[in-house]
Amino acid sequence: MSEHTALLPSTSDANNNSRGAHKSLPTFNFTVRFIVWGILTATTTAALVVFLFFSDSLPDNIKELPWIGGELKDPMVAALGILEKAPIIDGHIDLPILIRYGGYANNVSAVDLNSEMPAHVDIPRLRKGKVGGFFWSVYVGCADPEAEGADFLKSTWRVRDTLEQIDVAKLLIEKYPETFRFARNAEGIRSSIASGKIASLLGVEGAHQLGNSISVLRQYQALGVSYVTLTHTCHNAFADSCGLAPGKEPLHGGLSALGFSLIDEMNRLGVLVDLSHTSDATAIQALKYSKAPVIWSHSSARAVHNVPRNVPDDVLGLIGTGSGQKDAVVMVNFAPYFVAPEGLATVKTVANHVEHIANIAGKEHVGIGSDFDGIEIVPAGLEDVSKYPALIAELYSRGWTKLELAGLTGGNLLRVFEGAERVSRELKATGVQPVYDLYKKRTDIPH
């Protein structure tokens, strides 16, 4: 037989050989055959009876086999299985600011993400933690209030510095093409995960980084920015911040007139409106005004730990799909000072925040926004990005189903992202034009 010989004989070959073939056919013992089939049938029937009617008496290691259909009793085994199918999509990781101020001076050639990094994030730990994607925060801090002035009119290099952070994030993504893939939308996240890559998106953490200009928003979006947080810890020309404890005296009473215009343009562009760091008034007004679903990229529950950065129950009650509600996802922050009293933050207390938000807003409206690399201390059990499975295991042990956990790990964010993209397409299809509003206190352009 050569490599060109057919593996199965043709009909003509069979006919040509048929005259002598019957002489060599074996004689089957049909009695033995029926006995074997009878034994197999009886064994299969007995097994089905046991699995259907006596499964509670089976050993745990048998009951937990996936093909039996039972739930795994080991929460960590279950968590790892869930994350294989529905990996983590984290709403907020501060790796770029570490590269700016952590001794690298934004020199990407000096960064080795394949080795252990000094804080919480590197490639081996991302893989161990079953991460499928995250938003690289291109954050720069609020300006010195005296340097920028009461009306935010003095130049403070916030836009330049933001562009540098966008640059360093994109260069790192490009440096490791076998690990990261740049993504701009929900489909980009899905395709990245499907190809085994970590979807990498950009988020601007504060409208103080816009230089009071909606035109700057458009240029950030053109560079790949997928969300903008309306404030950081400072007020800006667009909106009021919640500040830090004990809170911050309001400036606009929520959104300014320019802030409403900013949301209009974000909706048109499909840029997610992020309400972390905002005052309660800003969050409520934005929720009610935005045509698109919104996010909290890294915020927890105020009822669990009472700090201004967390979301109160009256705001959580505005999230949903009912009358007077808006679809949204609150992505829980791991920062210990937002999670629990000093020294008490653990994976269990973070899970308490997840559950509280789920109880008020619904399990389909909660996600994960760790703030890794942007926090100095971490909860016990959630020390870095390799530890996400511990949170999923904790929630699994509390009765969360596989589908509910798949929503938490990323499905809920994807739904909200797709909702914002849908609104953008609809607005553009109806001819909605870009927003050209200028900050009224600017004096460099006549208006």
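The following dialogue discusses a predicted model of a protein.

Biologist: What makes the link of C142 and C234 a disulfide?

Modeller: The sulfur atoms of C142 and C234 are 2.0 Å apart. A disulfide requires two cysteine sulfur atoms within 2.5 Å, so the pair qualifies. A search of the whole structure finds 1 disulfide. In general, a disulfide is a covalent bond between the sulfur atoms of two cysteines.

Biologist: How do you know that the pair links distant parts of the chain?

Modeller: C142 and C234 are 92 residues apart. C142 lies in the loop between β2 (131-137) and α8 (145-148), while C234 lies in the loop between β5 (225-229) and α12 (257-269).

Biologist: Why is C142 called partly exposed?

Modeller: The relative accessible area of C142 is 23%. Partly exposed covers the range between the limit for buried, under 20%, and the limit for exposed, over 50%, so C142 belongs there.

Biologist: Why does C234 count as buried?

Modeller: C234 has a relative accessibility of 12%.

Biologist: Which handedness does the link of C142 and C234 have?

Modeller: The link is left-handed, with an angle of -85° about the S-S bond.

Biologist: Let us turn to D274. Where is D274 placed, and why does D274 count as buried?

Modeller: D274 is part of strand β6, which spans residues 272-274. Its relative accessibility is 0%, and the limit is under 20%, so D274 counts as buried.

Biologist: Which residues does D274 touch, not counting those up to four places away in sequence?

Modeller: D274 touches Y227, V228, T229, L230, I295, W296 and S297. To count as touching, heavy atoms must be within 4.5 Å. For D274 and I295, which are 21 residues apart along the chain, the C-alpha atoms are separated by 4.9 Å.

Biologist: How many cavities of 30 Å³ or more are there, and what lines the largest cavity?

Modeller: The count comes to 1 cavity of 30 Å³ or more. The largest cavity holds about 80 Å³ of space. It is lined by 17 residues, and the closest to its centre are L275, T278, W296, N310 and V311. By class, the lining has 8 nonpolar, 6 polar and 3 charged residues.

Biologist: What can be said of the protein as a whole?

Modeller: The protein has 18 helices and 9 strands. Of its 447 residues, 50% count as buried. The accessible surface comes to about 21,000 Å², and 58% of that belongs to carbon and sulfur atoms.

Notes. Residues numbered from 1 in each chain as written. Predicted model: local features only at pLDDT ≥ 70, side-chain atom pairs only at ≥ 80, totals over all residues. Heavy atoms only, no water. Helix = DSSP H or I, 4+ residues; strand = E, 2+ residues; numbered from the N terminus. Buried < 20%, exposed > 50% of the residue type's maximum accessible area, 1.4 Å probe, protein only. Areas by Shrake-Rupley, 256 points an atom, 1.4 Å probe, with all protein chains shown as cover. 1 Å grid on protein atoms, 1.4 Å probe; cavity = no way out; pocket = protein on both sides within 12 Å on 5 of 7 lines; lining within 4 Å. Points joined across faces, edges and corners; volume = space filled by probe spheres on them. Nonpolar A, V, L, I, M, F, W, Y, C, P; charged D, E, K, R; others polar.
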